[in-house]
Amino acid sequence: MLTVLGDFAWPENRPVWTSALLYALTGMGREERTARQAVARCAKAGWIEKTKHGRTVSWTLTPQGAEVISSGARRVGGRAPRKWDRRWLILSTTVRESRRATRTRLYAGLHWAGFGSPTPGLWVCPHTDRLDEVTRLIEDLGLKDETIAFMGTAEAVGIPETELVHRSWDLDALRSYFEQVLLQYGDLTPAPGDDTFFAYLGIVSELQRFPYRDPKLPEELVPDWVGRKAASTLWNLRDKWSKEATRRWAELNAGP
């Protein structure tokens, strides 16, 4: 849903027909019942609102939905790696066993922000510009009194940075994932129409998953990282297929 809405509804805030949404979602392998549930969940969350046209319905992004997509787009975008100043953002935080839902939200938010955990309760991230994002997360979850945060460079007292990286992130699993992405999309040459449309949605969907998987570690920490190659390949394919995918979407969303 967010892939379709973010690429085809959000940029110009155009309404989308239910039939077009269902066509896109079922074409991506979802059952129609599941696709309809996704539409209903987005509406219940307040991300989209419907307008009835007789027996048919169109959907428009709400300000809340637009902000969800906008914030995600900011993280997914940014192709060029930023120069690293060798500083780390470090958090020490604990969540009581009785607050499992809070722990789940904390872990999801920290992974999205690019954090890894070398030891239980300790989180590290080389992106110090995400301090405000993490501050909001900790405050929203009510964990301010259980959290210690600071910034600094790694010193020679303990393990080297290379070991810190390997303890904080499963680089072998990430490498395998990105190699599979390159294998799936690297040599793909879809035909015009639906083939390109669904291939396009596939790569955009993959790009949206990247922030959860790849912390975008600086070149100094992981030289020649396959994740950067995978991201570059998918961005290039997105640019290449965008015009045809947009044309096909215009056909699907022309009306009921």
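In this tour a residue is called buried when its relative accessible area is under 20%, exposed when it is over 50%, and partly exposed in between, with a 1.4 Å probe and protein chains only. The model is predicted, so local features need pLDDT of at least 70 and side-chain atom pairs count only at pLDDT 80 or more, while totals for chains, interfaces and linings use all residues. Residues are numbered from 1 along each chain as its sequence is written, and side-chain values use heavy atoms, with hydrogens and water left out.

**First stop: Lys240**

Select Lys240, which is exposed, with a relative accessible area of 61%. Lys240 is found in helix 10; helices here (H or I, at least four residues) and strands (E, at least two) are DSSP runs, numbered from the N terminus. From Lys240, go to Tyr200, which is 40 residues away in sequence and 9.2 Å away in space, C-alpha to C-alpha.

**Second stop: the aromatic rings**

Tyr200 belongs to a cluster in which ring pairs link Phe8, Tyr23, Phe197, Phe198, Tyr200 and Trp249. Rings of Phe, Tyr and Trp (its six-membered ring) pair if their centres lie within 6.5 Å, and planes under 30 degrees apart count as stacked, over 60 as edge-to-face and the rest as tilted. By this rule the count comes to 13 aromatic pairs. Select Tyr177 and Phe210, an edge-to-face pair with 6.2 Å from centre to centre and 80° between the planes. Tyr177 lies in helix 8 (residues 171-185) and Phe210 in helix 9 (residues 194-213), so this pair ties together parts that are 33 residues apart in sequence. Tyr177 and Phe210 are both buried.

Now select Phe197 and Trp249, whose ring centres are 6.4 Å apart and whose planes stand at 20°, so the pair is stacked. Phe197 in helix 9 and Trp249 in helix 10 (residues 226-252) are 52 residues apart, and their pair links distant parts of the chain. Phe197 and Trp249 are both buried.

Turn to the open sheet of four strands, which has the order 5-6-4-7 with antiparallel pairing, where two strands pair if DSSP finds at least two bridges between them. Strand 5 (116-119) and strand 7 (147-153) stand at the edges, each with a single partner strand, so one side of each is left without a neighbour in the sheet.

Select strand 4 (residues 87-93), which pairs with strand 6 (residues 122-125) in the antiparallel sense over four bridges, and which is joined to strand 7, also antiparallel, by seven bridges. Ile90 has Val124 as its bridge partner in strand 6. Ser92 stands opposite Leu122 in strand 6, and has Ile148 as its bridge partner in strand 7. Strand 4 is mostly covered, since five of its seven residues are buried.

**Last stop: helix 5**

Finish at helix 5 (residues 100-112), and colour its buried residues, which are Thr102, Leu106, Gly109, Leu110 and Trp112. These residues cover an arc of only 155° around the axis, which puts them on the same side of helix 5; the arc is that of the directions from the helix axis to the C-beta atoms. On the other side of helix 5, Arg100, Ala101 and Thr104 are exposed.
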